[in-house]
Every structure is written in C-alpha cells, then in structure tokens.
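Got a model open and wondering where the labels come from? Let's go through them one at a time.

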Amino acid sequence: MIEQPIPLQPNDVRVLLRCPLHFHFLRQSAPPPPPEPDSLVREAIHRLHAAGGPARLSLRKCLAPAAGNRAAQQMLELYYRRLRKDWPQVIAGNETMALQIRIGGVQLALSATADRLDKTRD
C-alpha cells in the first residue's frame, strides 16, 4: 500500500468523516479556479510571518504576489499596518499538530500547521 499525505481543509475533514465516498467524488472534480483574494492573502500573510514580520519584509514585497488583485492588496495592506503595531505581541507561529483516526477500518494520520497565533488589542 502506498502512503502519501493528503492536504485537507477543515471542510474536507467534515466531508470525509461523514461520507468517504462523497469525499472521493469531490476530489474528482474539475481543476480549481484561479486563486481567490482570500487564498492570495493567506499565502502572503504566511510568507510575511515566515520572513520574520514587517521589520524584515517590506510592504511592497508583501503586496507583490497579489499584484492585479485590488481586493487582496487592500486586505494585505490593512493587515500589514496592523501587524507592524502588534508584532511584539505574536505568541506563536508555525505550530505543527497531528492526530491519528480510524474511519471504516482505514487508519488516517492527520497533521496540520497553525501558521500563526497572534495576540492583538482587538
């Protein structure tokens, strides 16, 4: 048997737990559409935190991956400016978690990485 990791979002886990066959058919769908502003923002924020925060990654470089997507750029700029004030309050980043479960006789090893845990004023 071949073992390989399967990247799962929280909704994927819900579907898999309720009906593995439904999950299988959902995975057979057409190729994904181009990235939405949310995914562009999520990836840019991950890169910003991995780089060491606003002190080590300029706003211009942070906005570069979202070039041409005005909504994503606005969200990133707002987040960047807030994070610059709150960066000393970041309490964790890139925490890895793992869980093993059994579904219908099949053993699954789930792992996830929380990309950041911030303590902010709001």
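Predicted model: local features only at pLDDT ≥ 70, side-chain atom pairs only at ≥ 80, totals over all residues.

Residues are numbered from 1 along each chain as its sequence is written, and side-chain values use heavy atoms, with hydrogens and water left out.

Q: What makes up the secondary structure of the protein chain?
A: The protein chain has 5 helices and 4 strands, taken as DSSP runs numbered from the N terminus (helices are H or I with at least four residues, strands are E with at least two). Along the sequence the pattern reads α-α-α-α-α-β-β-β-β.

Q: Why are H1 and H2 called oblique to each other?
A: Helix H1 (residues 10–18) and helix H2 (residues 20–27) pack at about 135°, with axes 5 Å apart. Angles run from 0 to 180 degrees between N-to-C directions, and axes are lines fitted to C-alpha atoms, for helices over the stretch in contact. Under 35 degrees is roughly parallel, over 145 roughly antiparallel, 65 to 115 roughly perpendicular, and the rest oblique. So H1 and H2 come out as oblique.

Q: Which residues make that contact?
A: From H1 they are Asp12, Val15, Leu16 and Arg18, and from H2 they are Pro20, His22, Phe23 and Leu26, where contact means heavy atoms within 4.5 Å. By class, the contact has 5 nonpolar, 1 polar and 2 charged residues (Ala, Val, Leu, Ile, Met, Phe, Trp, Tyr, Cys and Pro are nonpolar; Asp, Glu, Lys and Arg are charged; the others, Gly among them, are polar).

Q: Is Cys62 buried or exposed?
A: Buried means under 20% relative accessible area, exposed over 50%, and partly exposed in between (1.4 Å probe, protein chains only). Cys62 has 2% relative accessibility, so Cys62 counts as buried. Cys19, at 32%, is therefore partly exposed. Across the chain's 122 residues, 20% count as buried.

Q: How many disulfides are there by the rule?
A: A disulfide is a pair of cysteine sulfur atoms within 2.5 Å. By that rule the count is 0.

Q: Why does Leu110 count as partly exposed?
A: Leu110 has 21% relative accessibility, so the label is partly exposed. Leu110 sits in strand E3 (residues 106–114) and touches Leu8, Met97, Ala98, Leu99 and Ile101, leaving out residues up to four places away in sequence. Leu110 and Val13 are 97 residues apart in sequence, but 9.2 Å apart C-alpha to C-alpha.

Q: What makes Pro65 partly exposed?
A: Its relative accessibility is 36%, so Pro65 gets that label. Pro65 is in the loop between helix H4 (59–63) and helix H5 (70–86). Apart from neighbours within four places in sequence, Pro65 is in contact with Leu40 and Arg47.
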